[in-house]
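Please read this briefing beside the model, with the sequence and the structure both in view.

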Amino acid sequence: MTIWRPQQYHRAADKAATPAEISDNAIATIEALRRRSRNVPEILSLRHLSVRAGVPYAYLREIVERNATRDYRLFRIRKRPVRNQRLRYRIITVPEARLKKVQQWIDRHVLCAAEPDEASVAFTKRSSVYAAASIHCGARWMIKIDIRAFFESISERQVYHVFHEIGYQPLVAFELARLCTRLRRRAPPLKRWSLGFDRRYEISAYINGQVGHVPQGAPTSPRLSNLVVRELDEDIRTIAASAGLTYTRYADDLTLSKTTDDFSRAAAVKVIRKIYRVLGAHGFAPNLAKTQIVPPRARKIVLGLLVDGDRPRLQREFKARIRQHLHYLMHPKFGPAKHAKAQGNATIYGLRNHIKGLLAFAHGVDPEYARKQTELFNRVHWP
């Protein structure tokens, strides 16, 4: 990032015949931002952002006004099947190319400069599933809680406060929040779904009765979610510490563990009740069906990895799934086309990417095993 100096800014403003009042206000705004967050770029207006991100101002204005006819493309992916339950799907929202470009710029230059709580083990340069699971290796007791509709539960108002706390002026923070959120059809009657912005900064074209939420699939959503829930993570860490538990959060997956036996199911229930209350206070709801208390003699699984030893390991079921895929892909009576159809994949290309993803996951946990399976995968004849 180019070093900013007020003297250079003054000279450039004088050369452009900019009124002193405007340049003085701009310098004061930049200096206020730098006092709060020295590593983030200055953004003085939406037009300024359009220049920095290389996205047309008129388009950004449409997005902020909620007037864009095409901002996101929605599609659904099938979740892993659960016995005795109907098919489940996850809705993914993919931003339009120009919107994606400005979101990537915001994520790369603004959000990456802010630190999440220490309990957050996802969506940072240093994070990985293996490292996150390693924290709980050797656990004797474990509590697992899942947050329901995690991204969709984060409101435009909460996103605004993230950008404002970073140091941006209210109007710019509001515009950044609009660029990083998507309208929800119905906003629940809760405080976090009301705008509550300072009306001194009101622009009539920005007034909208609906409040957006963080879309799952936008480049900014992962880091934004981490920053929104910093206080939540701090509150749960306090609960965990009082019970002698280690706490981590990987997106919407909360894991608490204890490496000694001096715990009980009754104590776990008390901890869970406290966490449920804290989640509610922060505007989230637990997925009750996924809450688990894992006692000493049960298998300990964190983010799909076994953590009952001194290091995370792949599950037998995971290896069996890869073995089954490779068997049918290489079988002369089946092959990629028939196997893709049997799996319900829309395309052979989708099946191929899915298996490559499984192998990449395996490589981060057991490189030698992944290498051998990748050699077999590379022998498959793809049409």
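Leaving aside neighbours within four places in sequence, Leu49 is in contact (heavy atoms within 4.5 Å) with Ile43, Gly54, Leu60, Val102, Trp105, Leu176 and Leu179. This is a predicted model, in which local features need pLDDT of at least 70 and side-chain atom pairs count only at pLDDT 80 or more, while totals for chains, interfaces and linings use all residues. Residues are numbered from 1 along each chain as its sequence is written, and side-chain values use heavy atoms, with hydrogens and water left out.

**Nonpolar cores**

- Leu49 is also among the residues with the most contacts inside the largest nonpolar core, a list that continues with Ile106, Ile143, Phe163, Tyr168 and Ile275, and this core has 65 residues.
- A second, separate core has 25 residues, including Leu305, Ile322, Leu329 and Ala362.
- A nonpolar core is here a set of buried Ala, Val, Leu, Ile, Met, Phe, Trp, Tyr and Cys residues joined through side-chain atoms within 4.5 Å; buried means under 20% relative accessible area, exposed over 50%, and partly exposed in between, with a 1.4 Å probe and protein chains only.
- In soluble globular proteins, nonpolar side chains tend to be buried together.

**The chain as a whole**

- The protein chain has 15 helices and eleven strands, where helices (H or I, at least four residues) and strands (E, at least two) are DSSP runs numbered from the N terminus.
- Of the 383 residues of the protein chain, 42% count as buried.
- Among the contacts in the protein chain with a separation of 6 or more, 71% are between residues 24 or more positions apart.
- The accessible surface of the protein chain comes to about 21,400 Å², and 50% of this belongs to carbon and sulfur atoms; the areas come from the Shrake-Rupley method with a 1.4 Å probe, and for residues only the protein chains shown count as cover.

- Helix 7 (residues 156-166) is largely enclosed by the rest of the structure, because eight of its eleven residues are buried.
- The buried residues of helix 7 are Glu156, Arg157, Gln158, Val159, Tyr160, Val162, Phe163 and Ile166, and what covers them includes helix 2 (20-36), helix 5 (97-109), helix 8 (170-179), strand 5 (212-213) and helix 9 (221-228).
- Gly167, which follows helix 7, has a positive phi near 135°.
- Ser225 is found in helix 9 and counts as buried at 0% relative accessibility.
- Ser225 and Gln158 are 67 residues apart in sequence, and their C-alpha atoms are 9.5 Å apart in space.
- Not counting residues up to four places away in sequence, Ser225 touches Phe123, Phe150, Phe151 and Ile154.

**Phe284 and the aromatic pairs**

- Phe284 lies in the loop between helix 11 (265-281) and strand 8 (292-294), and it is buried, with a relative accessible area of 5%.
- Residues up to four places away in sequence aside, Phe284 touches Ile147, Phe150, Ser153, Ile154, Val229, Leu232 and Leu279.
- Phe284 and Ala149 are 135 residues apart in sequence, and from C-alpha to C-alpha they are 8.3 Å apart in space.
- Ring pairs link Phe284 with Phe150 and Phe151 into a cluster.
- Rings of Phe, Tyr and Trp (its six-membered ring) pair if their centres lie within 6.5 Å, with planes under 30 degrees apart counted as stacked, over 60 as edge-to-face and the rest as tilted; by this rule the count comes to eight aromatic pairs.
- Tyr328 and Phe334 form an edge-to-face aromatic pair, at 4.9 Å centre to centre and 80° between the planes.
- Tyr328 is partly exposed, with a relative accessible area of 27%, and Phe334 is partly exposed at 38% relative accessibility.

**Strand pairing**

- Strand 6 (residues 246-250) and strand 7 (residues 253-258) pair in the antiparallel sense over five bridges, where two strands pair if DSSP finds at least two bridges between them.
- The bridge partner of Thr248 is Thr255 in strand 7.
- The hairpin of strand 6 and strand 7 has two residues between the strands, and Ala251 takes a positive phi near 60° there.

**Cysteines**

- The structure holds zero disulfides, a disulfide being a pair of cysteine sulfur atoms within 2.5 Å.
- Cys112 is partly exposed, with a relative accessible area of 30%, whereas Cys137 counts as buried at 17% relative accessibility.
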